[in-house]
Amino acid sequence: MTPSLLKIYSEFRAEFKDSPDFVIDFYSRNALFLENIRSFKDKEDLRLFIELTWQYLNALFRKSHFNETIDSSDKALETINSEIGRLNAQELQDMWYDGILFLKGMASYNLRDYHVSTQIFTDLVQRDDKNENFSRWLVYSKYAQRQWLIRTCNVVCGLMILAAILFKDIIPVIIRFPLNAVGVLGLTATWVYDYYIRRSFRKTTKSH
């Protein structure tokens, strides 16, 4: 095991405080070493690096440093994925590894890069379909990605209702009534769906 990495990890655990500022400050003091690692002696070295990386990314995310969370995760994952392959260490694609991907996905979501966040959460759900956090965030990301469709539906339904009102003397009742009913039902359905997703999302973010 690399003495320097073990020493850093041991110091981190011994001094640990559940504070983003502590983690960021600790990582910054050791960044010259940690950010220049390109290979590991064994799987245990790699495991320690993955956990330390998650701790740092989690601290960045908690401070709302979303761009930095993504940039740092991309850089770390390039090394981690390469070394998992070289060391044949697929078992290290565990909760810490998934946690790195999850933080990247949430950071992408907060930056409104829904295409990326949806792909990340989809991959995570495929890896662990029993994880409720992964499933919930996938729903939120897909919802955000489809906002244009929801807005289009609201506009179309609104126009249907407006047409039924403005042209009631022209449009036969047999057409006007279904037109109005579909418009009202469509708006109601999208509003209820929107309220449910937003309320659920607020609860989830408050718990993090």
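User: Is the crossing of α4 and α6 left-handed or right-handed?

Analyst: A crossing is left-handed if the near helix is turned anticlockwise from the far one by less than a right angle, and right-handed if clockwise. The crossing of α4 and α6 is left-handed. This is a predicted model, in which local features need pLDDT of at least 70 and side-chain atom pairs count only at pLDDT 80 or more, while totals for chains, interfaces and linings use all residues. Residues are numbered from 1 along each chain as its sequence is written, and side-chain values use heavy atoms, with hydrogens and water left out.

User: At what angle do the axes of α4 and α6 cross?

Analyst: Axes are lines fitted to C-alpha atoms, for helices over the stretch in contact, with angles from 0 to 180 degrees between N-to-C directions. The axes of α4 and α6 cross at roughly 20 degrees and come within 9 Å. The two helices, α4 and α6, are therefore roughly parallel to each other (angles under 35 degrees). On the α4 side the contact (heavy atoms within 4.5 Å) is made by Ile50, Glu51, Thr53, Trp54, Gln55, Leu57, Asn58 and Phe61. The partners in α6 include Trp96, Tyr97, Gly99, Ile100 and Leu103.

User: Which residues does Thr53 touch?

Analyst: Not counting residues up to four places away in sequence, Thr53 touches Ala76 and Ile100. Leaving aside neighbours within four places in sequence, Ser72 is in contact with Tyr56, Leu57 and Leu60.

User: How many aromatic pairs does the structure hold?

Analyst: Rings of Phe, Tyr and Trp (its six-membered ring) pair if their centres lie within 6.5 Å; planes under 30 degrees apart count as stacked, over 60 as edge-to-face and the rest as tilted. The structure holds 16 aromatic pairs. In one of them, Phe12 and Phe22 have ring centres 6.0 Å apart and planes at 25 degrees, so this pair is stacked. The pair links distant parts of the chain, with Phe12 in helix α1 (residues 3-15) and Phe22 in helix α2 (residues 20-29), 10 residues apart. Phe12 is buried at 2% relative accessible area, and Phe22 counts as buried at 14%.

User: What is the angle between the planes of Trp54 and Trp96?

Analyst: The planes of Trp54 and Trp96 stand 70 degrees apart, with 5.3 Å centre to centre, and the pair is edge-to-face. Trp54 belongs to helix α4 (residues 43-62) and Trp96 to helix α6 (residues 95-110), 42 residues apart.

User: Which residues of α6 meet α8?

Analyst: Asp98, Phe102, Met106 and Tyr109 in α6 meet Asn133, Phe134, Trp137, Tyr140, Ser141 and Ala144 in α8. Helix α8 (residues 132-145) packs against α6 at an angle of about 25 degrees, with axes 11 Å apart. The helices α6 and α8 are therefore roughly parallel to each other, and α6 passes α8 in a left-handed crossing. Phe102, Tyr109, Tyr114, Phe121, Phe134, Trp137 and Tyr140 form one aromatic cluster.

User: Where does Arg86 lie, and which residues is Arg86 in contact with?

Analyst: Arg86 is placed in helix α5 (residues 66-86); leaving aside neighbours within four places in sequence, Arg86 is in contact with Ser39 and Phe40. Arg86 and Lys7 are 79 residues apart in sequence and 24 Å apart in space, C-alpha to C-alpha.

Notes:
Helices (H or I, at least four residues) and strands (E, at least two) are DSSP runs, numbered from the N terminus. Buried means under 20% relative accessible area, exposed over 50%, partly exposed in between (1.4 Å probe, protein chains only). Angles under 35 degrees count as roughly parallel, over 145 as roughly antiparallel, 65 to 115 as roughly perpendicular and the rest as oblique.
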